[in-house]
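I opened a notebook page for this structure.

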Amino acid sequence: MKKIIITGGAGFIGSHVVRRFVTTYPEYQIINLDKLTYAGNLANLKDIENAPNYKFVKGDIVDLEFINNLFATEQPDAVVHLAAESHVDRSITNPLEFVMTNVVGTVNLLNAAKNLWKGEYDKKRFYHVSTDEVYGTLGETDMFTEQTAYDPHSPYSASKASSDHFVRAYHDTYGMDTVISNCSNNYGSYHFPEKLIPLAIHNITENKPVPVYGKGENVRDWLWVEDHARAIDVIFHNAATGTTYNIGGHNEWKNIDLIQLLCRILDKKLNREEGESAKLITYVTDRAGHDLRYAIDATKLKNELGWTPSITFEEGLEKTVDWYLSNNEWLKNVTSGHYQDYYSEQYNNR
Ligand code: NAD
Ligand code: DAU
């Protein structure tokens, strides 16, 4: 019997990880610890909310006393840590919030785990979910490996890089069992529409301008979120202590090509004339410090643990568009209220 705290389980990737662990391992107790910020949404977990091995706890990882009490009460055997401020544009507007949640919050969790697990570190595990953005940006042909030096450029990636360093420090200094994975851009269901793919689907559907930063030439390596959740499962159960794995889709797309593809898919699904949705594409001022290209070399994960992506991008994108079209209520709920203010601040006069 294992008790696992999954942090950030009400967010995009976290909800897929929680669902996977709750349904695949009925013998585990899964505690979803989430503050329910603008990005956290319990509607993402409606289908499993009554599962007997699932519990939701609302709380802030920055609140040390709360975290210490939770660890003392629940006595978890493992932590899978996803809670974070995750959007680069918000980190440019409000970097301190990213330091608090991503750095201080991570150290609070590490410290609570260190104190609770003292003397039995070999039986416990702290899994930290990180990003490829810690490696910085690439030229035209190279790829990020686990040996690539950290070179973050945005406040978001700097805060994630810092948290990765703390996780490694707790392994090297105290002997805690830690594992880190660094993943490329995810897409799929329950993705908050501040990020490129769901924002574009939402805007195209609503016949609103689709903002493309700069010339749209930046490249991202897209992975279906359920493949990321499966990679986390595989790594959590099989990785050696103190190791790092890169996770990626071998699926690089220039932003503008990706948006054009989405426009073509939506023209068909919405019975529009070919080329109609593409008229919504609008070039806007570039993101400050915008990394040009990310690409993950996931050879280590494939060779050592046998993981590869399960579906092609075309399949995944089609599934994703279908999900948004048939979950209009979810999209409506998350784009009302504060989202409107956020959108105006980010995009008006850009
Ligand atoms: P998200 O923004 O959708 O969700 C983050 C979740 O964390 C939300 O449910 C939010 O309520 C919760 N949270 C935020 N601050 C908290 C706090 N102080 N205490 C407790 N909970 C808090 O993020 P996501 O896109 O699902 O990303 C999850 C993790 O994966 C992050 O650590 C991110 O850095 C990493 N990651 C994301 C991607 C991606 O493409 N989205 C890729 C690689 C790695
Ligand atoms: O690489 C992993 C990272 O991917 C994660 O760590 C982050 O949490 C996640 O948000 C994501 O970061 P990006 O900045 O790459 O994702 P985003 O969806 O914000 O942007 C993708 C690309 O699209 C990027 O080059 C910026 C561009 N973009 C984004 C938005 C929101 C636009 O052109 N227009 C937009 O409106």
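**Entry 1: ligand 2.** I began with Thr-131, where a polar side-chain atom sits 2.7 Å from an oxygen atom of ligand 2. I took a polar contact to be a pair of N or O atoms within 3.5 Å; within protein, one must be able to donate a hydrogen and the other to accept it, and residues adjacent in sequence count only if both atoms are side-chain atoms.

Before going on I noted that the model is predicted, that local features need pLDDT of at least 70, that side-chain atom pairs count only at pLDDT 80 or more, and that totals for chains, interfaces and linings use all residues. Residues are numbered from 1 along each chain as its sequence is written, chains are lettered from A and ligands numbered from 1 in the order in which they are written, and side-chain values use heavy atoms, with hydrogens and water left out.

I found a polar side-chain atom of Glu-133 at 2.7 Å from an oxygen atom of ligand 2. For Arg-287 I noted 2.6 Å from a polar side-chain atom to an oxygen atom of ligand 2. On its own, ligand 2 has 690 Å² of accessible area, and the protein covers 94% of it (areas by the Shrake-Rupley method with a 1.4 Å probe; for residues, only the protein chains shown count as cover).

I counted as near any residue with a heavy atom within 4 Å. By that rule 23 residues surround ligand 2, and Tyr-156 and His-290 are among the closest. By class they divide into nine nonpolar, eight polar and six charged (Ala, Val, Leu, Ile, Met, Phe, Trp, Tyr, Cys and Pro are nonpolar; Asp, Glu, Lys and Arg are charged; the others, Gly among them, are polar). Strand S8 (residues 210–213) gives the largest share of this shell, three residues. Helices (H or I, at least four residues) and strands (E, at least two) are DSSP runs, numbered from the N terminus.

**Entry 2: ligand 1.** I listed 28 residues around ligand 1, with Ile-13, Asp-34 and Tyr-156 among the closest. A polar backbone atom of Gly-11 is 2.9 Å from an oxygen atom of the ligand. A nitrogen atom of ligand 1 lies 2.8 Å from a side-chain N or O atom of Asp-60. The protein covers 96% of the 840 Å² of accessible area that ligand 1 has on its own. I noted 12 nonpolar, 12 polar and four charged residues in this shell. The largest share, three residues, comes from S5.

**Entry 3: helices.** Which angle do H6 and H8 make where their axes cross? I read roughly 40° for helix H6 (residues 196–205) and helix H8 (residues 255–269), with the axes coming within 10 Å. Axes are lines fitted to C-alpha atoms, for helices over the stretch in contact, and angles run from 0 to 180 degrees between N-to-C directions. H6 and H8 are therefore oblique to each other (under 35 degrees is roughly parallel, over 145 roughly antiparallel, 65 to 115 roughly perpendicular, the rest oblique).
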